Amino acid sequence: MIWIVLLAVTTIIALIWGWRGQRNLRRELAYLRNRPVVAPPPPADPFNQLFRTLSAALDAGVIVVNDGRTIRYCNDVAAKLFGVSASAVLNHSVITLVRDYQADTMIEQSIRRRDPQQVTLQPVLSNRTIRIWCEPMPESGALILARDLTQLSLLERARRDLVANVSHELRTPLASIKLLVETLATQPPPELAQRMLGQVDTELDAVMQLVDELHELSQIESGRTALQLQPTAVSTIVERAHDRIQPQAKRKDLRVVVTIAPDLPEVYVDRDRISQVLLNLLHNAVKWTDAGGTITIEAGLRSRAELGHHLSRMLEPSNRWVTMAIHDTGAGIPAEAIPRIFERFYKVDRARTRGVGGTGLGLAIVKHLVEGHGGVVWVASSEGRGSNFTVALPVVEDE
């Protein structure tokens, strides 16, 4: 009887235990079915947000490579500098980015020797100057900086050209003055001495002209020359320049013709500076036109469409433009020289220019003064058939 009771109690306990286990299992299954799916954590970023922010703020390309020169990081500046996509070069060799074996060798040696190195590249296709610095990191890999030095290289070359041109222009007159003074020291006959003094005066005028034009050009380029803008009639500017050039033209037996379109609107200009522009162009026309030739000054009104590509770069285009053109029947300009005619110190023929004088700065001054008024100047010429310089100034429309 006792065994029957124990068996019954054990059975009841087993049933209760099984029932509770089944209930807990159902709860666990319900929890698992309803539990939100949690994504696995992303892999740790070896470059923290501070590094990425700093590299994005720099104006230099930042590249990080491992010891095998595989790119682990590349900022947008570096990608733009080398003309690729930053994501496209990740996990690729650094040579796929720089595309230069000299730079790749430098980076390899810098990492292997644990020694900072740099190299300057001048890719043929891009016409750029790029300097690359490689700084090995303490444990492994290296930090590479790439900077575009194209503008600095151009400025340095312009500085060297300026020094060379100024020394070239000063050498001849100063050598002539020295020779003339040494000759005068020997007490030559009075007639010869008088002629030599006149030559000294001429050479000194050339030196003073060069110094004055250099000073004026530097003032204009640096923005220290303030333009006194006021409404001015175009006829006043043209007639003033014509009156001042007329004596030189008569001495050379040149005819100057003035044609001014009627009812031209006034332009807001510095009258003295624009008169200087026309006078510089007229001086060149007189200089390069043989006796018996003709110089024509034309002033008119043209639309933007008529001026075409000459105004393609104007940021604030005007619909109407006053043009002042100076045409001569002189020697003309070779086609290959036209793109450089407004450069400082550029001369079409230095041998011929030495005979007629000139520093090569006049047209550079003209260009800067015209652009300072929001205008544009260009030349059309054919060698042996004369030149046509045109100055276009915007008409300020009434509101």
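Before I start, one term: I call two residues in contact when heavy atoms of theirs lie within 4.5 Å.

**Entry 1: the whole protein**

I am looking at a predicted model. I found 13 helices and 12 strands in the protein. Of its 399 residues, 35% count as buried. I also looked at contacts with a separation of 6 or more, and residues 24 or more positions apart account for 60% of them. The accessible surface comes to about 24,900 Å², and 56% of that belongs to carbon and sulfur atoms.

**Entry 2: helix H6**

I picked H6, residues 101-113, and checked its length.

Next I asked myself: which residues of H6 are buried? They are Ala103, Asp104, Met106, Ile107, Ser110 and Ile111. Looking down the axis of H6, I saw these buried residues fall within an arc of 160°, so they line one face of the helix. A handy reminder for me: an α-helix has 3.6 residues a turn, so residues three or four places apart point the same way. On the other side of H6, I found Tyr101 and Arg112 exposed.

What do the buried residues of H6 pack against? I listed strand S1 (61-65), helix H5 (95-98), strand S3 (117-121), strand S4 (130-136) and strand S5 (142-148).

Then I looked at the two ends. Asp100 caps the N-terminal end of H6, with a side-chain oxygen 2.9 Å from the backbone nitrogen of Gln102. Just after H6, Arg114 takes a positive phi of about 55°.

**Entry 3: the nonpolar cores**

The largest nonpolar core has 47 residues, and Val234, Leu281, Ile295 and Met324 touch the most other members. Helix H10 (residues 271-288) gives the most to this core, with eight residues. Apart from this core lies another, of 25 residues, including Ile71, Ala79, Val98 and Ala103. I had already met Ala103 among the buried residues of H6.

I took a closer look at Ile295. Leaving out residues up to four places away in sequence, its contacts include Leu254, Val256, Leu282, Val286, Ile326 and His327.

**Entry 4: His368**

My last stop was His368, in helix H13 (residues 362-372). Is His368 buried, exposed or partly exposed? Its relative accessibility is 28%, so it counts as partly exposed. A polar atom of the His368 side chain lies 2.9 Å from the backbone oxygen of Ala364. I also noted that His368 and Leu217 are 151 residues apart in sequence, yet 8.2 Å apart in space, C-alpha to C-alpha.

Conventions
Residues are numbered from 1 along each chain as its sequence is written. This is a predicted model: local features need pLDDT of at least 70, side-chain atom pairs count only at pLDDT 80 or more; totals for chains, interfaces and linings use all residues. Side-chain values use heavy atoms; hydrogens and water are left out. Buried means under 20% relative accessible area, exposed over 50%, partly exposed in between (1.4 Å probe, protein chains only). Helices (H or I, at least four residues) and strands (E, at least two) are DSSP runs, numbered from the N terminus. The arc is that of the directions from the helix axis to the C-beta atoms. A polar contact is a pair of N or O atoms within 3.5 Å; within protein, one must be able to donate a hydrogen and the other to accept it, and residues adjacent in sequence count only if both atoms are side-chain atoms. A nonpolar core is a set of buried Ala, Val, Leu, Ile, Met, Phe, Trp, Tyr and Cys residues joined through side-chain atoms within 4.5 Å. Accessible areas come from the Shrake-Rupley method with a 1.4 Å probe; for residues, only the protein chains shown count as cover.
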